[in-house]
Amino acid sequence: MARQAPPRRRPGELSFAGRRRLFVVGAVGLAGLLLWGLAGLPDFSTFTPVYGQVLNRVAVEERSTTDVVTAVNFDYRGFDTLGEEFILFAAVLVLGLLLRALAEERRGKIDDDAPRRHPGKTSDAVRLTTVALVGPTVLLAIYITAHGHLTPGGGFQGGVIAATALLLVYLGGDYAAMRRVRPLTLVTTAKAAGAGGFVLIGLGGLIFAGAFLQNFLPLGQPGHLVAAGTIPLLSLAVGLEVAGGFVLLLSELLDQLLVLRRRRERRSQ
Amino acid sequence: MIAVQVVALLLVALGATATVMARDPVRQAVVASLYGLTLGVLFFAFQAPDVALSNIVIGAVALPAMIMLAIAKTRN
Amino acid sequence: MSSIPFATDLADLAPVAVAGPFLVAAILVTALPFTRRHVELIAALATSLVVALCVALLLKALHETGPVVSRLGGWQPRPGGVVVGINFTFDSLGAALALLAAVLVAAAQAFTLRFAAAVGATFHALLLVFLGGLVGFALTGDLFNMFVFFELMSVSAYALTAYRIERADSLQGALTFAFTNSVGAIMILFGIALLYGRTGALNLAAVGQALAGRESDGLVVVAFAMITGGFLVKAAIVPFHFWLADAYAVAPTPAGIVFTGVMSDLGIYAVARIYQTVFQAPLAPHAGGVRAVLIGFAVATALLGAVMALGQDHLKRLLAFVTISQIGLGLIGVGLLTPDATAGVALLISADGLLRAGLFVCLGAVLHRCGSVYQSRVHGAGKAMQRVWPVLFTAGTLGLAALPPFGAFWGKALIEGAAADQGYGWIPAVFFVATVLTAAALLRAGARVFLGWGAQSTSSSDPREPKAEERELEESRRRVPQAMLASAAALILAGLALGALPRVIDRAQQGAHVFADREAYAAAVLGRPIPTRPPVAAAHIGAFEVVLALVTVLAAVALAAMLLGRVRIPFTPPAGLRRAAERGFLRLRRLHSGQIGDYVAWATLGFAVLGGTLALAT
Amino acid sequence: MSFLPYVVAVWVCVIGLYGIVTSRHLIHAIICLSVVQSSTYVLLLAIGYRKGYAAPIFIDIPRSTKAVDPVVQALTLTDVVVGGAVTALLLAIAVQLDKHLGTLDPDELDPLRD
């Protein structure tokens with residue numbers, strides 16, 4: 001597109017320098033205020049919030065988890081995580097819209113600046129290494145999701161890691177393979193099943209235990225893989241949703257690049 | 001406060017500044033990735049391995065990847 | 001925790017009003033053939049469920065002497081008042097807002113009825129997630145959970161704004177919306193972190209209890225400023241307001257209905273909620289200062305919104321500035337900090353919310369029928385529409401102007417009465433000016449569109465070329481669908497009739513007294529008996545209020561007639577004055593530049609000014 | 001020295017805002033927003049930290065061990081995800097906007113100017 005220079009500022013609009021002056025005044029005030037407020041906190045490393053201390057004392061016993069952070073995220077404050085899941089859900093829905101628009105576009109016009117957008121050629125060594133990494137990455141993702149209630153990690157971290165496996169496939173440059181590992185319907189369904197599953201487990205609490213998101217499964221022993229009641233299930237639901245969401249996200253951004261690359265490869269054959 | 005925290009905090013401050021000051025988006029994506037990593041280190045130093053892990057997968061891997069892809073799509 | 005599963009209290013079902021729409025949204029986006037065919041039906045069923053549940057919750061709240069508590073996860077408070085889980089804690093005001101949100105989403109769905117092709121499953125899913133976010137935000141009793149639901153309703157609102165991704169202005173409206181509101185959310189989180197670092201609690205009641213014992217200091221003031229400021233971004237209070245007109249003007253009409261009717265209102269509701277539960281006790285010695293600061297921001301908003309509304313050619317943008325002005329008026333009531341004023345706000349925002357939503361549907365119908373929402377382009381084009389549309393539009397506008405005895409009037413009268421009690425006797429003047437200007441702007445717009453009155457070209461100060469617009473819904477433009485008419489009529493009639501509900505003022509007052517009762521709130525959350533409250537003195541609304549309201553409406557009609565050239569102005573203002581006013585107005589509208597950088601700079605300054613003035617006032 | 005974490009949090013917040021205000025590229029501005037968001041992570045975790053306390057994960061340590069606050073960590077975790085989702089959404093919108101207008105310089109995007 002031709003780069004004509006429209007009048008950057010019209011009379012009455014803030015000039016760039018004016019905007020910066022306005023901001024500096026505001027930012028100095030804001031920073032001063034925040035520091036004034038923070039000065040009222042207990043000194044660093046002297047405060048033990050009562051909420052957290054109570055949970056550290058009781059959570060292992062009450063929830064049979066060894067990772068208290070996970071117990072907070074999926075049980076004591078599970079409703080926060082429900083909200084968080086649906087923030088992700090809403091963001092990813094927009095990406096679905098973009099994907100659909102992209103698909104329509106592809107049927108229509110062809111981009112003319114493809115060569116310049118190409119990310120660069122991949123050597124065979126890189127291909128091999130990255131593809132070889134996919135398996136371990138997926139395994140790691142499953143491990144991290146399944147052990148969320150025992151060790152650091154959980155559905156969220158595992159989900160993102162699973163999604164990055166897709167990125168590895170892309171770096172390996174295997175477009176056909178990426179299409180295979182990412183059948184869109186399946187991914188969309190996984191995402192929806194994750195989000196819906198979280199709600200269903202919550203409703204299960206309402207039906208079987210009396211309150212929304214209340215645990216209704218046997219708790220088992222702390223330190224065991226099959227323990228902690230609904231926590232691992234909720235973690236799995238989050239993992240599904242996050243993985244699905246990030247796969248959609250990455251593929252929305254990847255798709256066009258890959259189409260262009262494939263087109264070029266076909267031309268050079 | 002232990003030394004590793006002081007260093008990590010200073011690196012975080014520096015990293016944030018560098019991320020903001022990198023006006024070229026590609027360079028910025030790289031700097032942002034390093035910044036995410038630094039934050040991860042700081043969170044480990046704050047005894048928060050859960051957060052560190054997720055910040056590393058998000059801030060140091062997923063987001064920079066998305067940024068690079070977005071840039072690749074918008075470059076002309 | 002109930003010993004018999006599912007033999008539960010109604011309160012335990014409250015989370016279903018959030019989780020239900022979520023679940024249905026997740027089902028809608030799966031590729032199941034059944035859901036694909038019946039998207040509207042499924043979405044409508046989910047919303048009806050929420051409406052029914054909110055009605056039940058409202059009735060329950062009206063019968064209680066304290067707030068209703070629903071403990072998510074079944075977690076009971078621990079000894080020493082430590083609340084380990086998240087609670088929904090709400091009174092009739094919160095439940096009424098949740099109900100308002102559900103009703104507006106139902107209206108938005110009715111608006112889109114019969115247009116499955118234009119509005120797909122994604123849109124309905126987003127609308128349901130948005131509904132869950134609004135309801136959760138209205139009902140929750142936990143600071144951090146408020147932040148999460150603030151973000152949830154924000155993100156789904158950005159998504160709805162950007163829904164028409166083939167339009168650059170929708171995308172950019174979503175971006176300015178997202179940047180400013182994200183900054184607001186981050187500041188809220190700073191405030192929450194400060195409070196947690198002081199009290200080690202996140203539950204509103206627990207934080208309030210922990211703060212109550214101590215004199216307020218810098219931390220308390222700054223936390224209050226940051227949290228309030230963040231919510232004021234959502235409420236679009238000057239100077240945080242810039243994003244609102246940009247976003248509302250480009251949002252698809254069904255989304256705009258909900259935005260204009262309830263989203264901003266939730267911003268000021270949250271300010272009141274936070275103040276009454278958390279900051280009331282520590283800031284009590286400084287209530288006068290807090291009042292002055294909040295009312296200062298509110299008055300600036302009410303007036304600026306009104307002036308800007310008068311200068312808009314784009315109808316949705318006009319209504320956006322009307323929204324800003326009216327939320328400013330609402331914040332005056334919140335800022336007065338008394339239960340009676342809060343009761344007034346509750347009545348005002350629910351009546352005005354319904355009416356504005358109804359007017360938004362009218363604009364959607366104009367867009368559908370005439371292909372544009374620029375007054376200058378559809379001048380007189382509304383003549384071809386059914387005669388009921390101008391009638392509805394005028395009725396809605398007069399309702400917004402608080403014509404007695406309709407809905408908004410009682411709210412306005414209560415706020416003005418409370419203002420006089422607090423020594424703010426000049427508040428009725430602000431109401432007068434803001435109401436006259438906004439109502440005149442709407443009446444003039446209606447007369448231009450539906451009657452073809454006034455000169456065809458708009459004011460010379462409008463530098464903008466109307467851009468190409470697309471009709472939102474692809475169907476013959478000859479007829480406006482009946483569903484659209486039904487939703488407009490239902491919303492406007494409901495808004496007008498609100499004042500006629502049995503004992504509505506009394507009930508609002510009762511609700512507001514529960515709302516403002518910090519002790520009762522804490523007792524309900526911590527499972528202690530709720531202290532008895534002295535009976536509420538009925539508010540007195542005198543003949544003066546009625547006369548003033550009538551004069552206001554007449555003045556608005558007169559101003560509109562004058563602007564349309566229907567009435568000769570008996571004098572000519574000097575040309576110099578006229579030019580100066582035009583220049584001033586142009587400057588003002590140029591500040592609304594659509595630039596993210598400008599808006600964020602203003603917001604930063606806003607936080608500094610809000611915090612600074614609060615620091616000086618306490 | 002014990003005030004350092006809070007100073008860093010405020011600095012990160014303000015420098016990020018400065019980046020948004022002076023940004024000449026939308027993607028740059030979006031990254032700056034995520035920097036602003038990251039200031040809250042630092043603040044929250046600093047509030048919950050206590051020297052000598054373990055991480056709140058009781059797998060290899062006795063249950064009576066003193067551990068740092070798990071709540072701020074859970075909040076930060078949520079916050080990280082929310083921030084990531086917002087950033088992703090904004091990036092996608094920016095890419096789409098670029099497709100329409102061919103530029104991401106905020107000063108040249110003006111469909112909303114009034």
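Modeller: First a word we'll need: a residue is buried under 20% relative accessible area, exposed over 50% and partly exposed in between (1.4 Å probe, protein chains only). This is a predicted model, where local features need pLDDT of at least 70, side-chain atom pairs need 80 or more, and totals for chains, interfaces and linings use all residues. Residues count from 1 along each chain as written, chains are lettered from A and ligands numbered from 1 in written order, and side-chain values use heavy atoms, without hydrogens or water.

Now the rings: over all chains there are 33 aromatic pairs (Phe, Tyr or six-membered Trp ring centres within 6.5 Å; planes under 30 degrees apart are stacked, over 60 edge-to-face, the rest tilted). Take Phe46(B) and Tyr49(D), a tilted pair with centres 5.5 Å apart and planes at 45 degrees. Phe46(B) sits in the loop between α2 (25-45) and α3 (49-74) of chain B, and Tyr49(D) in the loop between α2 (26-48) and α3 (70-101) of chain D, so this pair joins two chains. Both Phe46(B) and Tyr49(D) are buried.

Tyr158(C) belongs to helix α6 (residues 143-161) and Phe177(C) to helix α7 (residues 168-199), 19 residues apart (helices are DSSP runs of H or I, at least four residues, numbered from the N terminus). Tyr158(C) is buried at 1% relative accessible area, and Phe177(C) is buried too, at 0%. Tyr158(C) and Phe177(C) also belong to one aromatic cluster with Phe130(C), Trp243(C), Tyr248(C) and Phe259(C).
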